[in-house]
Amino acid sequence: VSSGDGTIQMLTPLLTQFVSITASQLFPGERAVENILSNIRSVTKCIDESKSTVDISVPKSSYEELFQADKPKSAVRLVHNSSESNPLRISLIEVSAKLLAESNYSVLSNPLTLHISNIRGVSITNMSTNVPSFVVVLRNILTPPASIPQSFSTVCDSKFNSLTFTANYTCPDSGHVLIHNCTNKIGTFKSYCPVYKPSCREIMKNGRYQSQSCQLLNHSQTETICECKISSTISSKHERRFLNDESSVAEESGAMQLVAISEYVTIDALDTFTAASSLNSATSAEKVVTVMLLFAAVWMLGFGVVASSCWRIANSKRQTIKVAELFRHQRRVAEISQSTAAVREYISSYILQTIPAVFRGRSKFHQYVDEIAKFHRYFVLLKYSNPDQKFHVFRVMTALELASTNCMLFFLLALFYHLQS
């Protein structure tokens, strides 16, 4: 809505005076007085004492009643204080927003003036403030702009710990600048850009908008709903908030002029800084316990293979001595007896020790198992035994290499998982 020349500031006191005079002529139960002009609409009503809840709304034209029945309209709801002896008279005045003076706000609704005669007839509904209040529905003449929440994150590493480092981000919609100061900090900053949000403002006599009187309850594309206090109007007749502060108006009568606006609202409560967890904290230990157990299992297995190799070295030496003694015994028996059977047994034992298992006539399965156990890089750690000293050194070095490689793979896997999450 383009702002006008501020005609409404001169027109409002006259309109307020007019509805005040009209209200003084009404009695409880009488039909409300409605006025519909091109830029001004008003309604004045004297509240029946039997009604506890009062709903009053700006009238619609005949055309709107016929063809725009679903069109929302500005309205006010309040609770009537039935214990008050004097009647409660209420007036609403809706003026075109084109008559508003220039401001820095995006106006969503036409200004709505609420005039109350005998404010003591309004009950206190908000016990936290202990003042009379009412609910106002302001009809939007513009659709509130949609704003997509945008966030800005900065990761402060240890390299910034000793440096003065700040990161800036300019929000594209509002131009608001988010600043993250990483000096002496290690962790992650996350901030959010301001977003458009409707609100209800009271228009003061000097043309300024103030937000202390109203609190937003709900809003949609067609209306803005707020709860407003009217305590600001219960003062001496010299109070600047009075729009109708002429001496002819009773002190217990007052008026508030409200308008719905859309403004950028910062959401600092959502800004966070997540500090990097220390390595000696219990939470960090719980997160890496799985990796630590894997590291321990791998190195325990590696040291187990090393210990097994040492045992195999000693056992292999004992077996070599026994086999050599057996061969010498069989050879002596064959030389002394000169028996064909003894010679055949000695030659068979010698062949079994020197000829590979693949040529011994065993089953294919046993041949595969023997060959894999003898020549596979890792299976040789578990099964095959060779009396050669170099083979046992090879076994130990392979076990250490295997443990180191798997530890590195576990570390990289944990690191990539952490970066992904």
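User: Which residues form a nonpolar patch on the surface, and what is their accessible area together?

Analyst: The model is a predicted one. The nonpolar surface patch consists of M408, L409, F411, L412, L415, F416 and L419. Taken together, their accessible area is about 690 Å².

User: Is F411 buried, partly exposed or exposed, and in which helix does F411 lie?

Analyst: The relative accessible area of F411 is 47%. Buried requires under 20% and exposed over 50%, so F411 counts as partly exposed. The element that holds F411, spanning residues 389-420, is helix α6.

User: What is the handedness of the link of C156 and C182, and how many residues apart in sequence are the parts tied together?

Analyst: The sulfur atoms of C156 and C182 are joined at 2.0 Å, and both cysteines are buried. The link has -60° about the S-S bond and is left-handed. C156 belongs to strand β9 (residues 151-156), whereas C182 sits in the loop between β11 (177-181) and β12 (187-192), so the parts tied together are separated in sequence by 26 residues.

User: Where do C200 and C226 lie, and is their link left-handed or right-handed?

Analyst: C200 and C226 form a disulfide with their sulfur atoms 1.9 Å apart. C200 is in strand β13 (residues 195-203) and C226 in strand β16 (residues 223-229), 26 residues apart, so that distant parts of the chain are linked. C200 is buried at 3% relative accessibility, and C226 is buried at 0%. With 85° about the S-S bond, this link is right-handed.

User: Why is the disulfide of C214 and C228 right-handed, and which strands hold the two cysteines?

Analyst: A disulfide joins C214 to C228, with an S to S distance of 2.1 Å, and each of these cysteines is buried. The disulfide is right-handed because the torsion about its S-S bond is about 110°. The pair ties together parts 14 residues apart in sequence, with C214 in strand β15 (residues 214-219) and C228 in strand β16.

User: Is C407 buried or exposed, and what is the relative accessibility of C46?

Analyst: The cut-off for buried is under 20% relative accessible area. C407, at 11%, therefore counts as buried. C46 also counts as buried, with a relative accessibility of 2%.

Terms used:
Residues are numbered from 1 along each chain as its sequence is written. This is a predicted model: local features need pLDDT of at least 70, side-chain atom pairs count only at pLDDT 80 or more; totals for chains, interfaces and linings use all residues. Side-chain values use heavy atoms; hydrogens and water are left out. Patches are made of residues with over 30% relative accessible area and no salt bridge: like charges are joined within 9 Å, nonpolar side chains (Val, Leu, Ile, Met, Phe, Trp, Tyr) within 5 Å. Accessible areas come from the Shrake-Rupley method with a 1.4 Å probe; for residues, only the protein chains shown count as cover. A salt bridge is a side-chain nitrogen of Lys or Arg within 4 Å of a carboxyl oxygen of Asp or Glu. Helices (H or I, at least four residues) and strands (E, at least two) are DSSP runs, numbered from the N terminus. Buried means under 20% relative accessible area, exposed over 50%, partly exposed in between (1.4 Å probe, protein chains only). A disulfide is a pair of cysteine sulfur atoms within 2.5 Å.
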